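The following paragraphs lead through the ligand sites and then the strands of the structure shown here.

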Amino acid sequence: MNEVEKVIDETRQGEALMLDVQATPGTRKLFLESYGCQMNFSDSEIVASILKDQGYTTTKDYTEADVIFVNTCAIRENAEQRVRNRLSEFKAAKRNKPDMVVGVLGCMAERLKHKFLDEEKIVDIVVGPDAYRDLPNLISKVEGGHKAVNVILSKEETYADITPVRLDSNGVSAFISIMRGCDNMCSFCVVPFTRGRERSRDPESIVAEARDLFEKGYREVTLLGQNVDSYLWAGGGLKKEILTDEQRANAINFARLLEMVALVHPDLRIRFSTSHPKDMTDEVLHTMAKYENICKYIHLPVQSGNSDVLERMNRGYSREWYLSRIDSIRRIMPDCAISTDVITGFCGETEEQHRETVSLMELVKYDFAYMFAYSERPKTMAERQFEDDVPEEVKKRRLTEIIDRQQIHSEIRTKAQVGKVHRVLIEHTSKRDEDKWMGRNTQNTVVVFPKGNYKPGEYVNVLVDRCTKTTLIGTVVE
Ligand code: SAH
Ligand code: SF4
Ligand code: F3S
């Protein structure tokens with residue numbers, strides 16, 4: 001693996017995690033592995049909940065599993081390749097245990113549908129993201145000697161009534177899905193095809209889930225959606241497109257939802273992802289500023305710094321519009337951290353246009369960025385309309401350039417936080433030092449400090465006196 005691949009590998013969308021559930025004892029064992037974005041990890045918690053009700057417990061050892069489920073991602077070619085490699089590792093286990101059921105869930109399942117069964121002989125079940133309620137039925141079909149597929153996408157499913165089983169949890173922070181799908185059709189993106197139409201979840205069920213988590217000791221929730229600024233709830237069954245002006249004015253938008261969740265308890269921190277530059281309103285920013293427990297951190301993917309490229313990407317904003325959103329954030333919340341996603345080498349991207357991405361990064365100086373080389377995805381608008389004409393080595397070189405630039409900016413942003421006192425929510429023991437806790441400040445920067453008598457889930461004030469490139473180091477002050 002070269003340096004560039006390694007950096008990509010360590011980013012959010014490339015993460016893989018083995019999950020373990022403390023479920024009531026059952027006779028059957030489930031091995032569940034997730035790839036892709038936070039949404040997928042959150043879906044795995046729904047899947048675990050559905051199977052727990054069927055008496056399954058989970059295992060971290062796939063060789064002893066009765067059912068192996070891989071929750072997959074289709075966002076880039078290499079995300080899919082990783083899943084295929086993993087499936088070939090499961091082959092030997094299945095040879096030793098022929099009754100073992102192997103299922104593919106999530107976005108890659110939705111993209112490939114029945115084809116998966118032909119391409120990967122080991123697979124017994126293919127299930128799309130809106131069909132998880134059907135899992136028990138699909139498993140019994142396989143046990144009856146058939147292969148099983150359900151990739152039907154829904155316009156309504158939000159799994160609002162299912163209480164997720166918190167997987168691999170630190171007991172402090174949890175995800176809450178507030179909507180599903182995406183209607184944006186960015187030309188490079190496979191998500192609208194794999195997750196279907198956008199739909200918002202009933203706010204009462206979101207608030208109830210947040211309250212329940214708080215009562216169980218959780219102190220941080222992250223509200224998830226592909227475009228949270230587009231959240232809108234006007235009552236059950238009322239579609240956004242057909243609302244009257246009055247219904248729209250009375251509907252609960254993202255700013256109102258944020259406020260409702262913030263009011264659950266002042267000690268419950270709220271984060272959210274992902275904001276979309278074309279839809280992020282000042283109302284949301286003012287709500288963030290009003291409540292201390294709404295974290296001062298916004299992930300605002302730019303994708304490119306050039307307006308022509310943005311237009312071809314069908315992002316719905318220009319460079320100038322994006323920069324004006326950044327100005328609003330800085331004006332309303334001067335110490336808000338900002339992160340982004342960038343794609344290099346999109347169809348037709350010239351050297352000049354690439355330099356505009358670099359210059360935009362220079363202007364914003366992001367705290368953090370997830371950066372990718374463009375990967376053409378079947379059926380997307382870009383695949384049908386444009387030529388993937390930037391050579392691979394040029395994509396990689398541009399990627400290396402922006403990664404190097406971002407490292408400098410991250411360091412500047414981290415250093416600027418030294419010498420101040422930060423309110424930190426303690427998460428768990430530091431990976432590097434047994435005697436230290438790791439937590440985050442409101443800006444999402446990692447803070448490490450000696451344990452003392454404190455515990456995960458508690459807030460402490462930490463005076464930061466030094467830092468590494470990305471981590472703040474300090475001691476608790478009363
Ligand atoms: N809904 C979020 C992003 C979801 S996908 C948003 O609108 O920002 C996460 C990131 O993966 C995207 O922001 C984009 O930077 C990257 N990505 C998506 N499709 C890609 C592709 N075909 N090639 C490379 N990167 C891609
Ligand atoms: Fe993909 Fe665009 Fe939707 Fe994000 S907003 S999920 S990039 S289509
Ligand atoms: Fe991947 Fe699907 Fe998320 S394609 S990034 S898992 S929505």
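A molecule sits in a cavity if more than half of its atoms lie within 2 Å of its grid points. The model is predicted, with pLDDT of at least 70 needed for local features and 80 or more for side-chain atom pairs, while totals for chains, interfaces and linings use all residues. Residues are numbered from 1 along each chain as its sequence is written, chains are lettered from A and ligands numbered from 1 in the order in which they are written, and side-chain values use heavy atoms, with hydrogens and water left out.

The residues around ligand 2 include Cys182, Cys186, Cys189, Gln226, His276 and Arg315; a residue is near a molecule if one of its heavy atoms lies within 4 Å of it. This shell comprises seven nonpolar, three polar and one charged residues. In this classification, Ala, Val, Leu, Ile, Met, Phe, Trp, Tyr, Cys and Pro are nonpolar, Asp, Glu, Lys and Arg are charged, and the others, Gly among them, are polar.

Ligand 3 also sits in the largest cavity. Among its surrounding residues are Cys37, Cys73, Cys107, Arg195 and Gln226, and the shell has six nonpolar, two polar and one charged residues.

Ligand 1 is surrounded by 16 residues, of which Phe188, Gln226, Gln303, Asp341 and Ser375 are the closest. Several polar contacts (pairs of N or O atoms within 3.5 Å) can be described for this ligand. A side-chain N or O atom of Gln226 lies 2.9 Å from a nitrogen atom of ligand 1. Oxygen atoms of ligand 1 lie 2.6 Å from a polar side-chain atom of Asp341 and 3.2 Å from one of Arg315.

Attention now turns to the strands, which are DSSP runs of E with at least two residues, numbered from the N terminus. Strand β14 (residues 269-273) has five of its five residues buried, that is, under 20% relative accessible area with a 1.4 Å probe and protein chains only. In a regular strand, side chains alternate between the two faces of the sheet. In β14, Arg269, Arg271 and Ser273 point one way, whereas Ile270 and Phe272 point the other. Strand β11 (residues 220-224) runs parallel to β14 and is joined to it by five bridges, pairing being assigned if DSSP finds at least two bridges. Thr222 has Arg271 as its bridge partner in β14.

Strand β5 (residues 101-106) is largely enclosed by the rest of the structure, because six of its six residues are buried. Six bridges connect β5 in the parallel sense to β4 (residues 67-72), with Val70 opposite Val104 of β5.

Definitions and conventions: Buried means under 20% relative accessible area, exposed over 50%, partly exposed in between (1.4 Å probe, protein chains only). Helices (H or I, at least four residues) and strands (E, at least two) are DSSP runs, numbered from the N terminus. A polar contact is a pair of N or O atoms within 3.5 Å; within protein, one must be able to donate a hydrogen and the other to accept it, and residues adjacent in sequence count only if both atoms are side-chain atoms. On a 1 Å grid over the protein atoms alone, a cavity is a set of points where a 1.4 Å probe fits but cannot get out, and a pocket is an open set with protein on both sides within 12 Å along at least five of seven lines; lining residues have an atom within 4 Å of a point.
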